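Here's a quick briefing to read next to the model. Have the viewer open and follow along.

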Amino acid sequence: MSDIPNKTFNDGKTIPAFGLGIWQVPQDETARVVSESINMGYRLIDGAAAYKNEVQLGEGIRAAKVPRDDLFVTSKVWNDGMDYDAVRRAVDESLDRIGLEKLDLMLVHWPFPKQDQYLDAWKALIAARDDGQVTSIGVCNFHSEHLDRIIGETGVTPALNQIEVNPMLQQADLLRINDARNIVTQSWSPLGNARSFDADAIKAVAARTGKSPAQVILRWHLQLGNAVIARSTKTDHLKANMEIFDFELTRDEVDAISTIDKGERTGPDPETFNG
Ligand SMILES: NC(=O)c1ccc[n+]([C@@H]2O[C@H](COP(=O)([O-])OP(=O)(O)OC[C@H]3O[C@@H](n4cnc5c(N)ncnc54)[C@H](OP(=O)(O)O)[C@@H]3O)[C@@H](O)[C@H]2O)c1
């Protein structure tokens, strides 16, 4: 049994607070990374059509020694089809590629404002959920205007908003926006390209606790109240990244890390990114 705690969605379902992301994991390594992670205790795998490794994600799930029902599998729809019918097809295709009958979570990958089809995409995910293809539905990279538009038009609030959060991009306002709508925030690129591994506030916690900077940062995400997904292809990093439930940052240490924030992204700005 895994000892990773869950967070509860506004739809009553739950998601592991920590999991594996497989963006940029090469196809020929994905099945190994996925099965190895599951066998060491990971239960959440964060995939996406755009990562081009959903077939290998499915192979890894089937190779692991854990029943499907104990796992939480996420996918995302990309901008190569955000109208209603295209998103319905995209859900079918992700299920086919991974080899699953149902996804635990399906997300709109980006709002892609120029395309302006994210409302349509959201309606299609609601239908996919109602048809039993996915358990929960959510979004990524949505700001307050995107959230309020889809909620206002459909009455359905995303279970989760997956956004870039790391010590150099803390997004405190967006965390509050999600929180106010009872949406779970899940941090992507939580390690922020290792930009803050050398920051004094991180190094001080690492020295006090005997943990690595990466472990300190992953723990910090949990203490912000976020769910978090981290990626590695290395066995020692995969294992170390799970070992974040046996220590705590003090309030002062969390406050000290908040001063590292520079508002600097590693990824694109959702207001201008169009795929
Ligand atoms: N929704 C979106 O738009 C979006 C965007 C980006 C990412 N995501 C999701 O978020 C997941 C995580 O983000 P990410 O992949 O960008 O980055 P990340 O998890 O923040 O960082 C991954 C990098 O950190 C290294 N690393 C991992 N553990 C380490 C450790 N313990 N010590 C030192 N280095 C370590 C990895 O290298 P090694 O392999 O050498 O360990 C890799 O280079 C993605 O995989 C994806 O699922 C979503």
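This is a predicted model: local features need pLDDT of at least 70, side-chain atom pairs count only at pLDDT 80 or more; totals for chains, interfaces and linings use all residues.

Numbering runs from 1 along each chain as its sequence is written.

**Ligand shell**
- The ligand is surrounded by 24 residues, and the closest are Gly 21, Trp 23, Leu 191, Arg 231 and Ser 232; a residue is near a molecule if its C-beta atom, placed from the backbone, lies within 6 Å of it.
- Strand E10 (227-230) and helix H9 (235-242) are the elements that give two or more residues to this shell, and H9 gives the most, with three. Helices (H or I, at least four residues) and strands (E, at least two) are DSSP runs, numbered from the N terminus.
- By type, the shell splits into ten nonpolar, eleven polar and three charged residues. Ala, Val, Leu, Ile, Met, Phe, Trp, Tyr, Cys and Pro count as nonpolar, Asp, Glu, Lys and Arg as charged, and the others, Gly among them, as polar.

**Nonpolar core**
- The largest nonpolar core has 78 residues, and Met 106, Val 108, Ala 121 and Leu 125 touch the most other members. Such a core is a set of buried Ala, Val, Leu, Ile, Met, Phe, Trp, Tyr and Cys residues joined through C-beta atoms within 7 Å.
- Buried means 20 or more other C-beta atoms within 10 Å of a residue's own, exposed means 12 or fewer, and partly exposed is in between, with C-beta atoms placed from the backbone.
- Beyond its neighbours within four places in sequence, Leu 125 is in contact (C-beta atoms, placed from the backbone, within 7 Å) with Val 87, Met 106, Val 108 and Ile 137.

**Helix H8**
- The end C-alpha atoms of H8 (residues 213-224) are 17 Å apart, which agrees with the 16 Å that its twelve residues should span at 1.5 Å a residue; the expected span is 1.5 Å times one less than the number of residues.
- Nine of its twelve residues are buried, including Trp 220 and Arg 219.
- Their cover includes E9, H7, E10, H9 and helix H10 (251-258).
- Gly 225 follows H8 and has a positive phi, near 100°.

**Positive phi outside glycine**
- Gln 24 is not a glycine, yet its phi is about 65°. It sits in the loop between strand E3 (18-21) and helix H1 (27-40), and is exposed, with 10 other C-beta atoms within 10 Å.
- Asn 193, also not a glycine, has a positive phi of about 55°. Asn 193 lies in the loop between strand E9 (184-188) and helix H7 (200-209) and is exposed, with 11 other C-beta atoms within 10 Å.

How values were computed:
Two residues are in contact if their C-beta atoms, placed from the backbone, lie within 7 Å.
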